[in-house]
Amino acid sequence: MLWGQDCVGPGDSQWMVESVRSFGLNPAKSVLDLSAGLGGPARGIVDSYDTWVTGLEMSPLLAKLGMERSKALGVSKKAPIGHYDPEHFNQAGSFDLVLADRVMHRVRDKENFLDRVCDCVKPKGGVLLFDYVIEGTPSSWESWNGWRDSEPLEVYPWSATRMADELTQRNLDLRISEDLTQFHRRQAVERVRRLGEALKTAVPEPRVLKALARELALWWSRLRVLGSGLRFCRYVAMRPT
């Protein structure tokens, strides 16, 4: 209701479809999505490019629901969704594109995780990361600590420079390192605005309202630090032949 059909964050399926356009996906290529959620973006990529997407999700519940949706929509083979633990990530096979939206900052052993990600990328394949990174000193430590306390899982963000350096140290050609903080903020605020409009005409049941209240409280704490010590960045890197 807040984020759109089968999505768990501000970036909807069409946004992800556009984000991967430059990678030239087609029916002969494959994608590994390490932030599958309910599978909306993965299925959007399948629908748009007729490619194969393997979706992995940290939450067992979201992974289960996402796979049920893929089955119901008849794309369980082209867009399967499964659960994984990024701290023990060791995916078999290789892919033309590996993507992860807001995953890295939740991983404690990032070096090992990135090593395994690189192992999955085919020669001439790509890596697309969207993530929260530290930039400078927080303008308010109260807001910063409040954000960390409100997150459902521990967070371990790197600095923007560290993220870029770690990618290049793995012999990846870093093509893009872009600050999307303000865009990300606008995405979230616009979704909240749409929710407010929807609630004027249809009030959901109390259980749903409680879930919405929790999600809004979490995003309020994020918005308080986005642009004030925390950044949302995009990284595009390619593996050479």
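Valine 75 lies in the loop between α3 (60–72) and β3 (81–83), where helices (H or I, at least four residues) and strands (E, at least two) are DSSP runs numbered from the N terminus. The model is a predicted one, in which local features need pLDDT of at least 70 and side-chain atom pairs count only at pLDDT 80 or more, while totals for chains, interfaces and linings use all residues. Residues are numbered from 1 along each chain as its sequence is written, and side-chain values use heavy atoms, with hydrogens and water left out.

With a relative accessibility of 15%, valine 75 counts as buried, a term that stands for under 20% relative accessible area, whereas exposed stands for over 50% and partly exposed for values in between (1.4 Å probe, protein chains only). When residues up to four places away in sequence are not counted, valine 75 touches Arg43, Ser70 and Pro80, a contact being defined by heavy atoms within 4.5 Å. Between the C-alpha atoms of valine 75 and arginine 43, which are 32 residues apart along the chain, the separation is 7.6 Å.

Arginine 43 itself is among the buried residues of helix α2, together with Gly40, Pro41, Ala42, Gly44, Ile45, Val46 and Tyr49. This helix, comprising residues 40–49, is mostly covered, since 8 of its 10 residues are buried. The elements against which the buried residues of α2 pack are α1 (13–19), β1 (30–33), β2 (52–57), α3, β3 and β4. After α2 comes aspartate 50, and the phi of this residue is positive, near 55°.

For the chain as a whole, the secondary structure comes to 8 helices and 7 strands. The radius of gyration of the chain is 18 Å, close to the 18 Å that the globule rule gives for 241 residues, so the chain is as compact as a globular protein of that length; the radius is taken over C-alpha atoms, and the rule is 2.2 Å times the number of residues to the power 0.38. Along its principal axes, the C-alpha trace spans about 55 × 45 × 30 Å. Of the 241 residues in the chain, 49% are buried, and among contacts between residues at least 6 apart in sequence, 81% join residues at least 24 apart. The accessible surface comes to about 11800 Å², of which 52% belongs to carbon and sulfur atoms, as given by the Shrake-Rupley method with a 1.4 Å probe.

The largest nonpolar core has 41 residues, and those with the most contacts inside it are Val20, Phe23, Leu25, Ile45, Leu97, Leu99 and Leu128. Such a core is a set of buried Ala, Val, Leu, Ile, Met, Phe, Trp, Tyr and Cys residues joined through side-chain atoms within 4.5 Å. Valine 20, with residues up to four places away in sequence not counted, touches Leu25, Ile45, Tyr49, Leu97, Leu99 and Leu128.

Valine 127 is placed in strand β5 (residues 121–134) and, at 2% relative accessibility, counts as buried. Beyond residues up to four places away in sequence, valine 127 touches Phe23, Leu97, Val98, Val117, Val121, Leu172, Tyr235, Val236 and Ala237, and its C-alpha atom is separated by 9.9 Å from that of valine 31, 96 residues apart along the chain. Tryptophan 144 is found in helix α5 (residues 141–150) and is likewise counted as buried, at 6% relative accessibility.

Arginine 102, in the loop between β4 (95–101) and α4 (110–120), has a phi near 60°, a positive value in a residue other than glycine, and is buried, with a relative accessible area of 14%. Asparagine 171, in the loop between α6 (160–169) and β6 (173–179), has a positive phi of about 60° although it is not a glycine, but counts as exposed at 60% relative accessibility.
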